[in-house]
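Please look at the structure below and follow the text with the model in view.

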Amino acid sequence: MDPLDKLSREKLIFYLTVPLSSIIIFSNLFIIVGIACNRQLHNTPNYFFLSLLVADLCTGITLPFIPRMTLDRQLDFKHCMVMYIFPNFLFLSFLFNLVMVHYERYLCIVSPLHHSQFWVHRCFPLALLTVWLPPLLYASLPAFGWNNWVEPNANKSSNPNETQTTVGNSSKDDEVCSYKQVFPKAFIYLEVCGLVLPAMLSIVGMTGRVLWIARKQLQNICKLHRAVDRLQQQQPTDHEQQLNLRYAKCVAAVSLTFLVCWVPYIIYQLMSVTALQGGVSLPSSSLYIIMSCTGIGSMAVIPLILGLANKQYTEPIRRVIRKLRNRWRGGQNNRDITL
């Protein structure tokens with residue numbers, strides 16, 4: 001790749017990922033502090049959400065490095081493995097945590113009276129281990145031998161004199177670190193089709209099931225209201241219309257979240273799989289870099305939407321901001337009185 005072209009793509013990645021990464025990091029810290037300061041939130045469901053926030057925080061930290069995986073760099077074997085394995089592990093752990101949070105809330109809605117009896121609540125350390133250990137083991141497989149790494153001097157002459165001359169003239173420039181050397185095609189296919197795609201489908205399925213349950217409960221509530229109005233011989237109130245409007249807003253919010261947060265990542269995955277099926281390297285064009293940054297970044301926004309939508313998570317920070325604002329206004333008023 002042309003050095004100038006590579007430099008321009010590095011700048012594009014920097015300008016796209018650094019602002020998004022900063023927003024993700026500070027927003028996660030904002031919600032984490034809110035949960036930690038509120039003792040009423042110290043329970044199993046919020047511990048799962050806290051684990052998701054930590055994984056999302058780590059994803060935000062490594063976000064600038066993930067799009068750079070398509071760019072070749074000059075690193076030795078150990079540093080190359082770390083540069084590719086660690087971001088992949090954090091992203092997979094984030095995805096597993098996201099599925100676990102949806103699954104735990106799905107159980108609370110499907111079985112509201114018995115959800116505490118499920119293994120997720122009774123064996124919380126084991127459930128927490130399942131969202132961190134499997135991603136670590138799978139992401140570490142290239143370090144244990146499942147890779148395409150080829151030593152730079154492996155294909156050179158076996159003549160001792162020529163070998164000594166070659167080794168003397170060789171440098172680290174020969175060791176080109178690329179995703180093709182770290183991740184075999186079978187590894188990428190298994191991750192996409194065996195881990196990422198089932199996780200996405202499970203989240204979509206659980207969300208659809210929850211919306212269907214909410215719709216059924218809404219219909220039952222409306223029937224009860226109609227029956228009460230008939231017995232009391234009253235005119236139908238607008239309460240039913242308000243419930244339907246609230247449900248419609250909920251469906252619209254879920255649909256908008258899916259379009260904004262999931263569709264860019266789906267397009268990014270389709271571009272990657274299409275390139276692999278065509279037998280070509282993953283593109284490092286500007287369009288692909290933009291889709292990779294927005295796709296992964298938009299997925300990392302999902303926990304922020306869930307967290308900021310809950311006033312309990314942000315109430316402690318709001319109190320601090322409110323006190324600081326009142327003190328600042330009080331100081332200004334005292335200055336005006338003095339003048």
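**Cores, a patch and a disulfide**

Trp262 touches Leu95, Leu98, Met200, Ile203, Thr257, Met299 and Ile302, leaving aside residues up to four places away in sequence; contact here means heavy atoms within 4.5 Å. This is a predicted model, in which local features need pLDDT of at least 70 and side-chain atom pairs count only at pLDDT 80 or more, while totals for chains, interfaces and linings use all residues. Residues are numbered from 1 along each chain as its sequence is written, and side-chain values use heavy atoms, with hydrogens and water left out.

A second, separate core of 20 residues includes Cys80, Ile85, Ile188 and Val192. A nonpolar core is a set of buried Ala, Val, Leu, Ile, Met, Phe, Trp, Tyr and Cys residues joined through side-chain atoms within 4.5 Å. Buried means under 20% relative accessible area, exposed over 50%, and partly exposed in between (1.4 Å probe, protein chains only).

The largest nonpolar core has 38 residues, and Phe49, Trp262 and Tyr265 touch the most other members. Elements that give two or more residues to this core include helix H1 (3-37), helix H3 (77-110), helix H9 (185-231) and helix H10 (239-277). H3 gives the most, with seven residues. Helices (H or I, at least four residues) and strands (E, at least two) are DSSP runs, numbered from the N terminus.

Now turn to the surface. Trp119, Leu126, Leu129, Leu133, Leu136 and Leu137 form a nonpolar patch there, with about 520 Å² of accessible area together. Patches are made of residues with over 30% relative accessible area and no salt bridge, with like charges joined within 9 Å and nonpolar side chains (Val, Leu, Ile, Met, Phe, Trp, Tyr) within 5 Å. A salt bridge is a side-chain nitrogen of Lys or Arg within 4 Å of a carboxyl oxygen of Asp or Glu. Helix H6 gives the most to the patch, with three residues. Leu129 is in helix H5 and is partly exposed, with a relative accessible area of 44%.

Cys80 lies in helix H3 and Cys177 in strand S2 (residues 176-177), so the pair ties together parts that are 97 residues apart in sequence. Both Cys80 and Cys177 are buried. The torsion about their S-S bond is about 80°, so the disulfide is right-handed. Cys293 is buried at 3% relative accessibility, whereas Cys193 is partly exposed at 48% relative accessible area.

Conventions
Areas by Shrake-Rupley, 256 points an atom, 1.4 Å probe, with all protein chains shown as cover. Disulfide = S-S within 2.5 Å.
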